[in-house]
Amino acid sequence: MEIIVYGIVNSVSLALMALGFTLVYGISRLPNFAHGAFYILAGYLAWVGIRSLNMGYIVSVLLTIFVVGILGMAMYRFFLIRVRGMPISEIIASYAMGLFILEALRWKGLKGMTFTLPVIYPGTIFLFDVPVDYQRLLVVAIGAGIVAGLWLFTKFTRLGLALRGIAQDEQAAMMLGIDSDAMATVATGLGSALAAVAAIVLLPLGNIVVEAGYQVLIFAVAVCIVGGLGSWAGAILASFIIGFAQILTVSYMQSHFQVVVALLAIILTLIAKPSGLFGRQKQLEERV
Amino acid sequence: MLQVRRLMVFYENMLAINNVDLEVPPERIVGVFGSNSAGKSTLMYTLSGIILDMRRKEEMAGGERITVAGEILYRGEHIENLGPSERARMGIVLCPERRRIFPESSVLDNLKIGAFLATKEQARSTLEFVFSLFPKLREIRRRPGGFLSGGEQQMLAIGRALMAQPRLLLLDEPLMGLSPLIQFMLMEAVKQIRQERRISILITEQYARPVLPVVDEGYVLEHGSVVLRGTGQELLENPDVTSAYFGV
């Protein structure tokens, strides 16, 4: 029972970390390797808002999500747009950006155990005799809420539909008046904002440390590769596979194997089915 | 409506479009006929601006050098340097070769994505028009685009392009791979579109027989050059056209 409850919590956490990454890749074919950096940056900004500027929890959190979203947009508009279409350069450029943010934070003194975000609602309840704190339940609720929200957004709003169009066939969407660069800007903004949301609900469970930024990136990449790059359904399924595998290793082996599981998942996927569970790299070209 | 003067397009050193002059008057249907690799699709990509995106991507990937020269005037304005989405905003909408339906979105969502540039009111009335033009689409509106037959996909592609409120509709090989019955039905639909939406339409096609009776004017393209130009009737009676493009 414990494994099931914590497996679900862990899986949803992974999905939250990965959604922003997979969204940007799915829409614009841009691997945003600064994703983990935005995650930690969001945690740090929220911490500054709450602890140093005393702005109150709600204001700090909303402001953080907004600011990180804008930063994501700016990163595309002024930086990544120049290497768009060159995959290797996209990775190097965005990773450099991420390194810059993370190491600048470390230089500014973000290290050790002093930086923590408050939980939204303290306390613990028993679910099927397993103790779960409210924050972890909140992670599941917000994860489900975000998935539902994204689904509604891409189904019923003009902007969401346009993003779906660009994601499926960029040029066909351009023919209908949808601008690819504008949509990529929106997508990176949305992806970064999602990283911020993930940080705000997940970071209270631990400390805000620079290393977590790299770890989040590894998890996000693992989830996306296993699920099939750019596929949302695949990403969610992959989160559950990797999430449960991690909890199983924690219960039966040791807890520091978590990252190993993620990396192993990447390797196994690349050997067995390189396009991932829901990959669609090839299938489109074959239809005539 | 649209005037093309001395248009040249190169892929590296290969000449795809050679000194083409072409004109689409308001509310007219103009056909461009030619065999495989005559330059029909290149012409369409150049008119819709997609070629600029192709050029940028090739440049980024270090691939083929694409060069475009000549003048394209739309309602008297130069549009050579405008990107595809800007041209679509001005009313030039391409319904591409091979249809390029969004395969994971339902028929209705495909049409809604097409309505990106339309106001709510325009979107609603155009959707009604598309469903009256192709009643079949209403029946299958919940089915994913990837599961449609070729004919259904073509109807959807035309409908989707109409949702973008074109004033000049570019149809690139709309009849490719379809049965004569559906070809006939689509050409009837094209006539109806011109009549009710009062727009100009440019059609390219390999197989001229179903298209010629519908066009006001036609061009024959060979190796990127215009070799013949005439009204639909003139082309119908021209023995060269008959032997080359009617498949008799």
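**Close-up views of chains A and B**

**View 1. Polar pairs link chain A and chain B.** Across the interface of these two chains, the rule finds 13 residue pairs in polar contact, both partners at pLDDT 80 or more. Please keep in mind that this is a predicted model. On the side of chain A that touches chain B, the elements giving two or more residues are helix H5 (134–156), helix H6 (158–168), helix H7 (170–175) and helix H8 (180–202) of chain A. Sorted by class, that side of chain A has 14 nonpolar, five polar and 11 charged residues.

**View 2. Salt bridges cross the interface of chain A and chain B.** Here the rule finds five salt bridges between the two chains. One of them joins Asp169(A) to Arg100(B), with the closest N and O atoms 2.9 Å apart.

**View 3. Chain A and chain B bury area between them.** The contact draws 30 residues from chain A and 37 residues from chain B. Together the chains bury about 2,900 Å², with carbon and sulfur atoms giving 54% of that area. Within chain A, the residues that lose the most area to chain B are Arg158(A), Met175(A) and Leu176(A), which together account for 26% of what that side buries.

**View 4. Two helices of chain B pack against each other.** Helix H1 (residues 40–48) of chain B meets helix H2 (residues 50–61) of chain B at an angle of about 95°, and their axes lie 5 Å apart. H1(B) and H2(B) are therefore roughly perpendicular to each other. From H1(B), the contact is made by Thr42(B), Tyr45(B), Thr46(B) and Ser48(B), while H2(B) contributes Ile50(B), Ile51(B) and Met54(B). These contact residues divide into four nonpolar, three polar and no charged.

Key
Residues are numbered from 1 along each chain as its sequence is written. Chains are lettered from A and ligands numbered from 1 in the order in which they are written. This is a predicted model: local features need pLDDT of at least 70, side-chain atom pairs count only at pLDDT 80 or more; totals for chains, interfaces and linings use all residues. Side-chain values use heavy atoms; hydrogens and water are left out. Contact means heavy atoms within 4.5 Å. Buried area is the accessible area (1.4 Å probe) that two parts lose on being put together, summed over both. A salt bridge is a side-chain nitrogen of Lys or Arg within 4 Å of a carboxyl oxygen of Asp or Glu. A polar contact is a pair of N or O atoms within 3.5 Å; within protein, one must be able to donate a hydrogen and the other to accept it, and residues adjacent in sequence count only if both atoms are side-chain atoms. Helices (H or I, at least four residues) and strands (E, at least two) are DSSP runs, numbered from the N terminus. Ala, Val, Leu, Ile, Met, Phe, Trp, Tyr, Cys and Pro count as nonpolar, Asp, Glu, Lys and Arg as charged, and the others, Gly among them, as polar. Axes are lines fitted to C-alpha atoms, for helices over the stretch in contact, and angles run from 0 to 180 degrees between N-to-C directions. Angles under 35 degrees count as roughly parallel, over 145 as roughly antiparallel, 65 to 115 as roughly perpendicular and the rest as oblique.
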